Amino acid sequence: MSQMQNEMPECEHQAPAYTGPSYEQILETRKTHLTPNLQAHFKKPLVIHAGRKQWLYDHEGRRYLDMFGGIVTVSVGHCHPKVNQALSEQTAKLWHTTNIYMHPKIHEYAERLVAKFPGDLKAVCFVNSGSEANDLAMLMARLHTGNQDILTFRNAYHGMSPYTMGLTAHSTWRYPLPGVNNGILHVMNPDPYQGVWGGAACRDSPVQTTRNCNCGPNDCQAGVQYYNELEQTFKYSLPRGKVAAMFAESIQGVGGTVQYPKGYLKRAAALVRANGGLFVADEVQTGFGRTGEHFWGFQAHDYTPDIVTMAKGIGNGFPLAAVVTTKEIAASLGMALHFNTYGGNPMASAVGIAVLDVIEEEQLQRNSLEVGTYFLNCLAELQQRYELIGDVRGKGLMIGVELVSDRETRAPLAAPHVLEIWEACKDMGVLYGRGGLHGNVLRIKPPMCVNRADVKFAVDVLGRAIENSLGKQF
Ligand SMILES: Cc1ncc(COP(=O)(O)O)c(C=O)c1O
């Protein structure tokens, strides 16, 4: 066990001893029987068999601080007792009927969930994954508007189903098949750090880019330029006044925690509506209080979407997702029969209610703000020490650290060097995620119950991993 593992914050929970198949057997089954697309992280992949709060345990009894939350999914903490209890009480009563019968939980949950939304966003359709939610949002937007074209940002991730793969704009996540684009256009990503425009006042974050500008805090020229660029798409690439929708993550997740310039989304939404379309906020990663200041990421952009899609944190790991929209837009689904076997089943609804309860009772949104801001400030200090930290960004517990080989050109740090740092953090007991097209952004999106001691430990580990990597040949 490394020295840093001994310095880990205390945890009173004792994980049960591992009793499953051997490490070798797991590797063999994986190689022989699981599809090769299942790529495990790390040179020696981890077998994780237990979790509690912000902690994960491997088969050899090692404890890890989980800074990635099952890819931004474990919102209230691993195996939260209240969520466990809600699920176990429900499984003792009723698992499943489909919605051909009315069961109480989905109604109770729908009331609770829509109460979290402003304006006319009061109709909910439950599904099981983020891709399904975005599929449904595409379908609704096209049916409701009668238009076909949909816009997303380059660097966006909205899912991997055949329909949403077109929305996702990373070459690494797209199969070479005809029809994937299916009326979808990818517009310039308004990325104030890597994009053509950006400065020192663009972001709604405690930490700004290292780029210069003369903008005041509420006057972002980069935002205006990116908006002008978006207008060109409407002028040149779309039929006049005929767009179905534009999708935007409120902060890009898989793309590496990219934030847009302040004011951009609000203006983009107005432009889309003026052209007959709907604006869809993908809150799969940014919802449920993660960004701290607001319950939904779109609220920080000062606009109300027409459709909101959500997954991941909504169920703390239970397969649950939803689309929330207005009654009028939802009514478009009535043109044909629409059905989803599991969507909002009694177990999923019981979990969803318990997750909302825990977020409220444990004030996890406030914790995201306080601990996330502390985290961002600690990382900004680390950035002062190490040139290879090109950018620190994010809001609440939705954080990105972009590793570069050159601060001026912002070129990505060589992949082997990134991997060395990332693996070293794991060896010292901290699991970070990675993202961005080049995989050079550390993604930090832990369960929202983390505390300052965890942050201090995680930042110390990262500092040590960077320090130890310096001077090595890659
Ligand atoms: C922003 C966003 N939207 C949609 C999805 C797709 O969700 P799922 O993997 O549950 O289909 C993801 C998954 O990472 C995501 O990050």
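In what sense do β5 and strand β7 (residues 245–249) pair, and over how many bridges? The two strands pair in the parallel sense, over two bridges. Strands pair here if DSSP finds at least two bridges between them. Strands (E, at least two residues) and helices (H or I, at least four residues) are DSSP runs, numbered from the N terminus.

The model is predicted: local features need pLDDT of at least 70, side-chain atom pairs count only at pLDDT 80 or more, and totals for chains, interfaces and linings use all residues. Residue numbers start from 1 along each chain as its sequence is written.

The chain is assigned two domains, with bounds from an automatic or database domain assignment. Domain 1 covers 3–72 + 363–469, and domain 2 covers 82–361. Their centres, taken over C-alpha atoms, are 25 Å apart. Domain 1 brings 31 residues to the contact and domain 2 brings 33. Residues are in contact if their C-beta atoms, placed from the backbone, lie within 7 Å. On the side of domain 1 that touches domain 2, at least two residues each come from α3 (69–72), α11 (364–385), β11 (389–395), β12 (398–403) and β15 (441–444). Helix α11 gives the most, with nine residues. By class, this side of domain 1 has twelve nonpolar, eleven polar and eight charged residues. Ala, Val, Leu, Ile, Met, Phe, Trp, Tyr, Cys and Pro count as nonpolar; Asp, Glu, Lys and Arg as charged; the others, Gly among them, as polar.

Strands β11, β12 and β15 also belong to an open sheet of four strands. The order is β11-β12-β15-β14, and the pairing is antiparallel. The edge strands, β11 and β14 (433–435), each pair on one side only. Neighbouring strands are turned by 25 degrees against each other on average, direction ignored. Antiparallel β12 and β15 are joined by four bridges. Gly400 has Arg443 in β15 as its bridge partner. Helix α11 lies across β11, β12 and β15, and runs at about 170 degrees to β11. Axes are lines fitted to C-alpha atoms, for helices over the stretch in contact; angles run from 0 to 180 degrees between N-to-C directions.

A further open sheet has seven strands, in the order β4-β10-β9-β8-β7-β5-β6, with mixed pairing. Its edge strands are β4 (123–127) and β6 (184–187), each pairing on one side only. The twist from one strand to the next averages 20 degrees. Strands β8 (residues 278–282) and β9 (residues 307–310) pair in the parallel sense over three bridges. Val280 stands opposite Ile307 in β9. Helix α5 (residues 104–114) lies across β4 and β10 (321–325), at about 120 degrees to β4.

Strand β5 (residues 150–153) is buried on both faces: Ile150 and Thr152 point one way, Leu151 and Phe153 the other. Four bridges link β5 to β6, and the two run parallel. Thr152 is bridged to His186 in β6. Leu151 has Met246 in β7 as its bridge partner.

The shell around the ligand holds 15 residues, of which Ser129, Gly130, Ser131, Gly159 and Val284 come nearest. A residue is near a molecule or strand if its C-beta atom, placed from the backbone, lies within 6 Å of it. Helix α6 (residues 130–145) gives the most to this shell, with three residues. Five shell residues are nonpolar, eight polar and two charged.

Notes
Contact = placed C-beta atoms within 7 Å. Buried ≥ 20, exposed ≤ 12 C-beta atoms within 10 Å, placed from the backbone.
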